[in-house]
Every structure is written in C-alpha cells, then in structure tokens.
Amino acid sequence: MFGALLCLPALAADADLILHNGKVVTVDAAFRVKEAVAWKGGRITAAGTNAEVLKAERGPGTRVVDLGGKTVLPGLIDAHVHALEAGLSEFRASLPVLDSITAIQDYIRAEARSRPKGAWIVVPRTLPPRLKEMRFPTRQDLDVSTDHPVAFDGSYVWGANSLALKMSGITRDTPNPAGGEIVKGPDGEPNGILRNASQLLKGAARAEGFSDEDKVAALEKMLTLYAAAGLTSVGDRAVTPADVAIYEKLKSRRQLPVRVILTWRIDAARPVESVVAEIRASSWTTNQGDDWLRFGTFKVTLDGGQSVGTAYQRMPYGPFGRQLYGQTDPDARGTLFIDPEKLYRIMKAARDKGWQLTAHVQGGSAIDILIDVFQRLDREKPIAPSRSHVMHGSLMSEDALDRMQRMGILVDVQPGWLYFDVPALKRVFGLENMRYFFPLRSYIDRGIVVAGGSDHMIGHDKNGAVNAFNPFFNMWASITRKTREGEVIYPQEKITRQEALKMWTIWAAYLQFGEKTRGSIEAGKFADLVVIDRDYLSCAEDEIRRIEPMATIVNGKVVAGRL
Ligand SMILES: [Zn+2]
C-alpha cells in the first residue's frame with residue numbers, strides 16, 4: 001500500500017501525450033465524439049471521457065494538454081495529389097494567381113519589363129474554365145507585348161501571340177501537324193490557338209532541368225505544406241520509377257512529413273505487348289512498402305480533361321467548346337487514349353500481378369469503357385476485393401452507378417470542381433446534362449465507397465493552387481455544392497458534414513487499404529490527428545472552408561503548428 005503511493009504500478013499506462021477537455025470527433029463506426037485522447041509510441045492508446053483517459057493513461061512522463069474545448073479530427077487524407085509536380089511548380093519562383101485574361105496580361109507586362117526583347121514569356125499552366133472570361137486567350141489577348149514571343153500553357157492546347165507565331169514560322173499556309181490543329185480565326189489567319197500542336201512553337205519549352213536534389217527538396221517542402229493544411233496521408237496519383245526513387249531518397253534521409261501511398265501510372269502510349277511486359281517485369285504491387293511509403297494503385301490515363309476539352313464525353317462539346325477550348329469541330333467529344341481491347345489486356349495483366357486498378361476517366365464515355373473492362377475482369381474473378389475504382393468519374397450516369405454498386409467499385413472524387421468548373425461546364429453541356437456531376441449522395445446511398453481528393457498539381461498555396469488542396473474547402477464544396485457563382489448544383493446530391501469528413505478520413509483510408517491503422521481516432525491506430533480552430537460539426541456552414549489547423553500530429557509527433 002505504502003509502496004503503491006510512492007511509485008506507480010509497473011504496468012500502469014504512461015502515455016506520451018494526452019489531449020483532454022476537447023471535442024474529439026473519432027469517426028469510429030458510431031461516429032462518437034469524445035473528450036480526450038491519449039497516445040504512446042505513435043499509436044493511440046485511448047479515446048474517452050476526460051476522467052477515463054486521465055485515470056488510465058496518465059503517467060509520470062505524460063504531457064497533458066488542455067484543449068480548452070477545441071475540436072480534434074482524425075488526420076485528414078487527400079486521396080489524390082501530385083506532390084512532386086506541385087512541389088516543383090513553385091520551387092524556383094512563386095506563381096501568380098491567373099484567374100482572368102486581364103491577370104494574364106498583367107503577368108505578361110511584368111515579365112516583359114524584366115527580360116530582354118525577343119526572350120520568350122511562357123504563361124504558366126492555366127485552365128480556361130477557371131478564367132473569369134471563360135474563353136481561351138487568342139493571339140490578340142497575348143499581344144500586350146509585341147517585343148516578346150508569348151506562349152500560354154493551357155495543357156493540350158496552347159496559345160501564342162503574333163511574334164511567337166512569326167518566330168515559329170506559323171502562317172495560314174502551315175499544315176496541321178498529325179493529330180493537331182493550328183486554329184484559324186474568321187479571317188483565315190491563325191488566331192494563336194494551337195491544339196495538340198505546341199511542338200510547333202520554337203523555343204517556348206521551359207527546360208527547367210531540376211536535379212535529383214532539387215526534386216527531393218521540392219517534395220519535402222510540398223509534403224510539409226500538406227501537413228500544415230491538416231493532411232497526414234496523401235495518395236500521389238501518378239508516379240514513375242524515377243519519382244519513386246525521389247521518394248525513397250527523401251525517406252532514407254529522414255521521416256516523411258506525412259504518409260504517402262503511391263499510384264504507379266504506366267505510359268500506355270505504346271504497343272500493348274510492351275506495356276504488359278513492363279507490368280509483368282516490375283517487382284511492384286499493391287500494399288508493398290511500409291506505413292510511411294507504400295504502393296496503392298495501378299493507373300492508366302484513359303481520356304483527357306474536361307478543363308481542356310479533351311475528356312471523352314457521351315455528347316459533343318458544341319459551340320461553347322470553341323470559345324472555351326478553341327475547339328473548331330462542334331461534334332468533337334474529346335479523346336480516348338486507349339482502345340477498349342488494349343485497356344482490357346493492360347488491366348488484366350495488372351490485376352494478375354495483384355494490383356488495385358484505376359484509370360483517369362472524366363468524360364462519360366471513358367467512364368463507361370472503364371466499367372465495361374472492370375465487368376469483364378469481374379466475370380473472370382470477383383473484382384471487389386481489389387478495391388478497384390473509378391478516378392474522377394466527373395460525368396457519371398445512373399447506369400454507371402448501378403454497375404459500380406453491383407461490382408463493389410469505389411470512386412476517387414474531386415468535389416472542388418463543383419465550385420471551380422461548373423460555371424463554365426454548364427455553358428458547354430447544359431446544366432440538365434450535369435445531373436450526375438460528382439453525384440456524392442447517389443454514391444453514398446448505394447454504398448459505394450467515396451474517397452475525397454483534390455487532384456492538386458500546381459502551386460503551393462492551399463487555396464490558390466490548381467487544384468486547391470485545403471481539405472476544409474473541399475469538404476465544404478461536398479457539403480454545399482456551391483459554385484464560384486454562388487449557385488447550388490443539384491442539391492439532392494448534397495451530403496452531410498459527417499459524410500464529407502469520412503471522405504477525407506476513413507473512406508479515403510479504405511480506398512488505400514489503410515482503414516485498420518488510419519482514418520479514425522481509436523485505440524491501436526496511428527496517432528495521426530489534427531486540432532482545428534473551430535468546431536467542424538457545429539460552425540456555420542460557410543465557415544467550414546475557413547477552418548484552420550492549429551496542430552497536425554503524425555505518428556504521435558507534431559509536424560505542423562503547435563500544441
Ligand atoms: Zn490527378
């Protein structure tokens with residue numbers, strides 16, 4: 001008795017840290033909210049009432065932090081980022097926010113002042129649907145400098161000013177390159193828009209020449225910024241063998257700031273035999289790796305993007321497509337990069353190696369083709385255990401939803417596009433054709449697991465980036481379905497705050513085969529958590545997007561902010 005007063009029993013818990021007097025949103029199966037949480041050695045040891053946790057977990061070495069009523073969430077998971085590409089995008093210089101043709105012109109004027117006449121100015125990649133004017137910039141728009149050749153990077157489609165066309169020798173008589181087009185204005189002259197033809201611009205390529213050391217540093221910076229945004233795991237959705245080497249280099253030097261699940265995107269633009277041979281020869285497969293860095297999914301890119309008018313749609317881009325994307329064929333439906341038979345052979349080879357499967361699909365027809373292939377594979381052997389999924393799936397349909405439900409197919413969604421892209425896309429397709437644009441309610445009601453992702457690829461600012469990776473903004477977009485014009489798009493597809501939080505925690509973890517160790521605050525799971533500055537569950541709806549993390553904890557360590 002006397003001894004017990006002096007020293008604690010040998011088996012008493014001795015947590016590293018206890019957070020108490022808070023609102024701990026556990027996201028467990030019953031979505032319980034608790035007051036306190038404790039962890040030790042990187043794992044959660046208890047979540048419960050203040051009294052329970054302090055009594056059972058507090059030892060002489062325990063640090064106890066009073067949260068003063070603050071909310072704690074499980075560490076957030078962004079299932080879809082491009083960390084290395086985004087890290088490098090502002091590695092050397094910061095990027096301006098280009099949200100209008102006027103802003104692009106200001107950028108060109110500023111660049112023109114700082115470089116010699118005749119030197120190229122390349123406007124960083126910008127998506128036309130996100131420009132206030134909702135049209136692709138033409139030669140005349142870019143002629144604000146006549147002393148410099150100017151190129152506008154709109155991904156598959158580029159813009160050029162008059163001097164850039166002249167220096168590249170592009171005239172009304174220049175033949176279109178194979179698969180590309182020099183778009184002409186009403187006068188028959190090139191209007192500066194080059195579809196799949198940017199290779200004609202002589203000297204515009206930005207040879208940035210990043211060394212491996214640059215890449216390691218840019219990657220670490222980006223992962224640190226993710227942690228500061230409240231993320232504790234991310235899915236990097238398109239890595240090559242060279243990218244994997246950069247991740248391994250960073251990891252071999254120090255702990256990664258957040259956990260990363262890698263998606264291997266194979267280059268499928270070559271004979272199918274060679275793609276299949278590479279899959280078979282590779283030593284990689286799903287779930288290989290450790291708790292910090294592991295392989296998740298095998299991916300191909302099946303169609304283009306809706307922001308550049310190349311997603312493979314069920315319907316044509318129509319007349320507004322000309323203004324927005326410089327599309328001259330009103331019947332154009334976009335681009336399918338892989339024919340269905342080839343897709344089947346590639347996916348079968350990957351499935352036979354044990355991979356979880358996905359493909360980038362945005363347009364409705366591309367979605368249908370991917371689901372057809374999943375169905376063919378499912379008939380050979382049930383596909384559900386592989387947790388294979390549709391990536392983006394922007395323009396869904398009732399039929400596709402039904403088939404996904406039947407086979408146990410998951411989805412990786414980008415609800416931020418409701419906010420950014422619907423204003424332009426509804427002018428292209430008509431709002432009546434966008435009934436199933438990110439139909440979150442329909443997915444959830446069918447029991448389809450929905451993982452939230454940003455598809456962040458350019459920029460370091462969590463709100464200004466393309467795409468914004470602030471998880472609270474993306475959850476807000478899922479809940480409100482508000483566009484940047486303030487319109488609510490198909491309110492019957494709205495979801496609750498609890499569901500949006502699951503998309504960025506337990507459901508994203510499930511897609512990554514990580515639901516046993518991540519995605520909720522429960523004893524035995526990793527101590528990955530985020531303390532936030534207001535109450536996610538009860539703050540005003542429009543406040544959700546403004547929530548700021550105060551401390552992000554990964555594996556029991558504070559990696560951003562302070563406790
Ligand atoms: Zn992506």
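**Strand pairing and helix packing in the predicted model**

The hairpin of S4 and S5 has two residues between its strands, and there Gly41 adopts a positive phi near 55°. This is a predicted model, in which local features need pLDDT of at least 70 and side-chain atom pairs count only at pLDDT 80 or more, while totals for chains, interfaces and linings use all residues. Residues are numbered from 1 along each chain as its sequence is written, and side-chain values use heavy atoms, with hydrogens and water left out.

Strands here are DSSP runs of E, at least two residues long, and helices are runs of H or I, at least four, with numbering from the N terminus. Two strands count as paired if DSSP finds at least two bridges between them. As for cover, four of the five residues of S4 are buried (under 20% relative accessible area, with exposed over 50% and partly exposed in between, for a 1.4 Å probe and protein chains only).

Elsewhere, six strands make an open sheet in the order S3-S2-S7-S21-S22-S23, with mixed pairing. Its edges are S3 (33-34) and S23 (557-561), each of which pairs on one side only. At the S3 end, S2 (residues 23-25) and S3 run antiparallel, joined by two bridges, and Val24 stands across from Lys34.

Turning to the helices, H7 (residues 212-228) has its end C-alpha atoms 24 Å apart, which agrees with the 24 Å that its 17 residues should span at 1.5 Å a residue; the expected span is 1.5 Å times one less than the number of residues. Buried positions in H7 include Asp214, Val216, Leu219, Met222 and Tyr226. Just after H7, Gly230 takes a positive phi of about 100°.

H11 (residues 340-352) and H12 (residues 364-380) pack at about 50°, with axes 10 Å apart. Axes are lines fitted to C-alpha atoms, for helices over the stretch in contact, and angles run from 0 to 180 degrees between N-to-C directions. The two helices are therefore oblique to each other, since angles under 35 degrees count as roughly parallel, over 145 as roughly antiparallel, 65 to 115 as roughly perpendicular and the rest as oblique. In contact terms (heavy atoms within 4.5 Å), residues of H11 including Leu343, Tyr344 and Met347 meet a set in H12 that includes Ile369, Leu370 and Val373.
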